[in-house]
Structure formats: structure tokens, C-alpha cells
Amino acid sequence: MTGVLARLCSRAVALGLGGLMLVACSAGGGGNNNTASSTDVTVWSAWGGQELKAFQDVLKPFEQKEGIKVHLTTVRDANQLAINVDAGTSLPDIANGPTVDKVKDWVSKGVMKPVETALGDQFQNYMTNTYQALTTPPGGGKADLSIGVGSGKHYELMVKTQVKGLFWYNKKIFTGTAPTSFDQLLAINPSQYKAQKLFCVGLESGDASGWPASDMIDNIIMRQNDATFYTNWIEGKVKFTDPQIKLGYQTYLKEVSDQNAFGGRNTVLSTNFGKAGDPLFKTPTGCLFLEQATFIPSFFTQNFPSLNLKAGTDFDFFGHPSMGNSQYDGNVNGFYDNFAMYNDTPAARKLMQYMATTDAQQIWANDGGTLAAIKSITYNDPVYKRAAEVANSAKNLLVTAGDFMPADMQHAFWKSLLNVTKDPGSLDNELKRLDQVQAAAYKKS
């Protein structure tokens, strides 16, 4: 799974959103002298544009108050942190955590320092104030490498998050009550609201085509099963021919069918994800709903500047409805930004402690475009105010499966979703092929 981080960065580039979807892409080049400084701290980040400005806004009061200079380096090479670790060369004091496959090894080697060490007596406040799903392994276990928890300790400080699996709609078109179950969602008659179809879907994204389908099916599978089953599937411990994975594919196919998807399967396959929601705002209305993450409003406003669309007034969303298993409704699909401390210095501890505060994360929220990791943060944007409610309701915040699979597995998984969208009759053969890819891909990783 050594290519996961690079692939996440590539996906972020495909999204055209700067650092918005860089789940763990802030590991980059540069170096430091590893001195135990109390006046200087080095931080690596891949953020650019508005996200970089927001982070600089967060750092400004810290530097002024503490008299500590933050040496911030923006580096796009997603592999540089791992290269430095392998070579034994200098590391930044603070950067994002590594890909999931490296967490256990880096923890055992002492590469990352525990958040408990960084926060000291503030650690319990961090645990109390942060969304539980970002800090606590499913079932109360002692390890969940996807959120940086290993050997009973935490190694990644959560600072921001986003939520996926949201169904967006034009408030002037869909005036009904949000469905609470997927069956209720499928039963809505779009013509009742003078819309042509139930769903808008766009799976095209250049070399990363298929990732929107991965998001869709992941939200289905994680709510049809418990969190352990879902994470075992990501880790290659559940075959794709497993009946529950097949059920997930079959359910996904209902969203992209000619009957339910605007323009039919061919349009679904050829439409770029950033344009997928356009029919929500066109006349006549093409569809009622678009399933996407919290970032998608930027495309609504970008694609229809003359409409001056406003969140909460012109468009809104409801959370992913239940798949009929209420005990799994607390499984929420999302991603997050975190920081790990690589050098235990007085200045690094102070910066980690500051980033875990309401004051720091409120600045991030005020700058817009993200949810903070702290539950009590307030939001001016109604979209993020409601998204915070979804995050707060999560029992488990589960990562997107395809993003954390080995490279060969991810490619085959995304391709399979495109193939079954085009030809639903190929499902059984696709699942058998994925079993073969899985056996080889996880053996290599």
C-alpha cells in the first residue's frame, strides 16, 4: 500500500480543489536541524491556495502570542516524508501522519511521538472535545491505524474533517421531506417535482475516473454492515465475491440505472464529477439529488455564477439514509486532516497543543471550506453547520475504501464500478476478477 498517499494527492489534483481533499498529502520535502528548539518549529504541508491561507491565519496568533516562529514549507512530493524516514535523514517537527500501511512500523520505530506526549495534561480535553469517530477505534478497541491509533496510544492529532455520502438538492425543486431510508429514497417520484430523474451522477475524472462511484458504494456497504466488516474489506480480509459486497454492488446499480439516473448509464460514465450536479439547477430540472461530499457546493456556485446560489437558501442536503440496518446508521464516510509530531521539542509541543484548541480550529472554520475536528465549533455557513451535525452523530467515521487499498486493487475496484455501470450483467465476472486482483495486490503490499 505504499502508493496510497501519492494516489490521494493525484485525486486531489483531479478535483481541482487545491489541498481540500488532501487527506494525508501534507508530507513533503525540506528538512530541519532536529534541535530541541523552544523558539522555532518546522511544519511541512502540501496545502496551497485558500487552504494555505487559512492555515497561515491559524498560525498567526500562535506566533504572536508564543514568540515561536513557524517555518512552514509547502511541498508537493507526497513520498518525501517516507523517503527521509527510510534514509534516516532529518524530519520536520510536525507534518501529517503517514499512509495507513506505515503507521504501525513508524510507531514501533518511534518515528511519530504520541499525541498524549505532545498534549500532556490537555490530552483528555482533546479526547472529550473532538468528534469521537476521529479518536476512538470502533468497538472501543485499542488500535485503528486509519485514525492513527496504535498500541493503545494516539499518533495523529485531528484538526479538520469532511463528510461524504450527502444527498444534495435544489431547494426550489425538491420541497418534500428528506427520506430516512434508502428504500424511501428510491420510492420518490421525480416527476412529482417536475424533475426528469431521481439522481444525477458523474463518474468521469480523468485517470481517477470511478472514484465517485467508490464513494457511493462505500456509503452503502458501510451501512449494510458493521464497521469491522467494512474495515476488514479495506484490508483485503473480505473477498469481493462475498455476498455482502455483491449486495453493495447491486444496491449501487440502482442509483446509476437508466431508470433512475439522469441521461442514463452512458451519461453517468461520460459526465465529469464537477459537472454532475448541473442538472439540479437547469430548466427543465434534470434530477432531484446528487450524492457527494461537503466540497461540492463550490462547483454549484462556480458552474452557475449568474444564479448567485446560496447554501441553505438555494441548495441543501440530507445525510445518507439508512440501508435498513439501524445499528449501522452511525457509520459515516468521511476524511480528515491530521498532524503528527516527529520531533519532540518544546516548540512542537506548544504548536500541537495550540492546534487542538477551539481558538485555532474556529479560525479554520471561519475561513470556510471545512469542518473542524472539535464538536463545539460554530459555523456561519449553513452547509457546514448541518454537516457538523452529521459528523457529531457518527459512531464511526470510516475512510473511503478505494483510497486506502493497494494501488492495483484501487485501480481494479474503480474500473469494476465503471464496467458494471456500463454492463450490469458483468457483475459476477467483475467480482471474480477482483478476487484475483485482491489476492495478488495484498500479497505485494
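This short talk goes through a disulfide and a domain interface in the structure above.

What we have here is a predicted model, in which local features need pLDDT of at least 70 and side-chain atom pairs count only at pLDDT 80 or more, while totals for chains, interfaces and linings use all residues. Residues are numbered from 1 along each chain as its sequence is written, and side-chain values use heavy atoms, with hydrogens and water left out.

Let me start with the disulfide. Taking a disulfide as a pair of cysteine sulfur atoms within 2.5 Å, the count comes to one, formed by Cys200 and Cys287 with their sulfur atoms 1.6 Å apart. The torsion about the S-S bond of Cys200 and Cys287 is about -90 degrees, so this disulfide is left-handed. With buried meaning under 20% relative accessible area (1.4 Å probe, protein chains only), Cys200 counts as buried at 3% relative accessibility, and Cys287 counts as buried at 1%.

Now to the domains, whose bounds come from an automatic or database domain assignment. The assignment gives domain 1 (40–162 + 335–389) and domain 2 (166–331 + 400–441), and their centres, taken over C-alpha atoms, are separated by 29 Å. The area buried between domain 1 and domain 2 is about 870 Å², with 70% given by carbon and sulfur atoms; buried area here is the accessible area (1.4 Å probe) that two parts lose on being put together, summed over both.

Between the two domains the count is one salt bridge, a side-chain nitrogen of Lys or Arg within 4 Å of a carboxyl oxygen of Asp or Glu. The side chains of Arg386 and Asp316 meet in a salt bridge, at 2.6 Å from N to O.

Technical notes: Buried means under 20% relative accessible area, exposed over 50%, partly exposed in between (1.4 Å probe, protein chains only).
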